[in-house]
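Subject: Structure handover

Hello,

Here is the structure I promised you. Please open it next to this email and follow along.

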Amino acid sequence: MAATYSGFESYAATGADATKFNLLSTDTASGTDETTNTAAAPIAIPAASYSFSYERWVRAHFTSSFTTISTIRFWRAAGTLTGTIKIKALTKTPNPYTFITPITTTSTYAGSSGQEGTTTNDLAYSASTTAPGGALTCLMNTSSTGTPGTTNCSDYVVMQLVVPSGSASGTIGSHTFRFGWNEV
Amino acid sequence: MPNVNTITTTSANLPDGSVVTYRDSDPSHIREGNFRAILDSSPLTFQVTDVGGNVFGVDLTTGGLFVGESLYIGPPPVTPLRLIYYKHMVTELDGGSRPLCLYFVVGWQTTVDGKNEKLGLKVHPAESRWEITSDI
């Protein structure tokens, strides 16, 4: 047997989990719903400066049969970002397995804060199944608590879409994100 | 897409003459217990069998790597060799695809003049090929 992978997003104030990963969905009211669709709550293109998506808190969860999981990497593997729209992402720090209610303003945890107009903390891209050099590195937490599992989750990866003024309206289309890891 | 269960059997010869073997289909507590026993016992040799029945292994006394009956000798060890073994997996975030085993590695690491050196077999199941490389 091998490890069974599940990808989870945590949301709301409680850190409840879902499997939806729509960076365009927002919840500017309370940050308690990860499923708000883009038609109902699009990210407004600002007259100046930047607008931000709801932070997306995602992590890998491993179950079934394995001995160790290590060297977990995360990167963007498909999709096009037009203009200067960016996807910022970082492994959450400190306390990488502790969830905090997502926000729709510039994010320290996703690395957008202060870096909106730079390439710093842009989520690394590679269409390859091999992780690019800039891929995020996560640790395996065997003692993490909370939904979905009590153990065997990766660190949280926090992502956020950054939309600058002057951006063209529309959707950014589908994007693919990948986890890679070493397993025994 | 290659089977996620790329390895069917793992075994090692230990210094006390015993042989530890486990199947990938064994329950996790058996596999983990046996794997820990191997790691804690400074194995003399370590080998895995893939789903095609091919054997890939390392002789941790000589630095030799073997594929079936063929033996590839590495540089002589200066310090004790440490086993390196793992499968490298990848999948999409939403789990829409089964994890893909890009490659698995059987090899060793040692220290030469204060620097870590590695050598091993990197086996790419989807491409039906393997290589000897220090990039493990």
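Buried residues make up 41% of the 184 residues in chain A. A residue counts as buried if 20 or more other C-beta atoms lie within 10 Å of its own, as exposed if 12 or fewer do, and as partly exposed in between, with C-beta atoms placed from the backbone.

This is a predicted model, where local features need pLDDT of at least 70, side-chain atom pairs count only at pLDDT 80 or more, and totals for chains, interfaces and linings use all residues. Residues are numbered from 1 along each chain as its sequence is written, while chains are lettered from A and ligands numbered from 1 in the order in which they are written.

Chain A has zero helices and eleven strands. Helices (H or I, at least four residues) and strands (E, at least two) are DSSP runs, numbered from the N terminus. Take the contacts in chain A between residues at least 6 apart in sequence: 76% of them join residues at least 24 apart. Contact means that the C-beta atoms of two residues, placed from the backbone, lie within 7 Å.

Now the interface. Here 23 residues of chain B are in contact with 22 residues of chain A. On the chain B side, α1 (28–40), β7 (82–92) and β8 (100–112) each supply at least two residues. β7(B) gives the most, with eight.

β7(B) also pairs with β11 (residues 176–183) of chain A, antiparallel, over six bridges. Two strands pair if DSSP finds at least two bridges between them. One bridge joins R178(A) to E92(B).

Next, the largest nonpolar core. Such a core is a set of buried Ala, Val, Leu, Ile, Met, Phe, Trp, Tyr and Cys residues joined through C-beta atoms within 7 Å. This one has 67 residues, and those touching the most other members include V158(A) and V105(B). β8(B) gives the most to this core, with eight residues. Leaving out residues up to four places away in sequence, V158(A) touches W57(A) and Y109(A), among others.

Last, two hairpins in chain B. β4 (residues 55–59) and β5 (residues 64–67) run antiparallel, joined by four bridges. V58(B) has L65(B) as its bridge partner. Four residues lie between these strands, and G63(B) takes a positive phi near 80 degrees. β5(B) then pairs with β6 (residues 70–72), also antiparallel, over three bridges. V67(B) stands opposite S70(B). This hairpin has two residues between the strands, and G68(B) takes a positive phi near 60 degrees.

Best wishes
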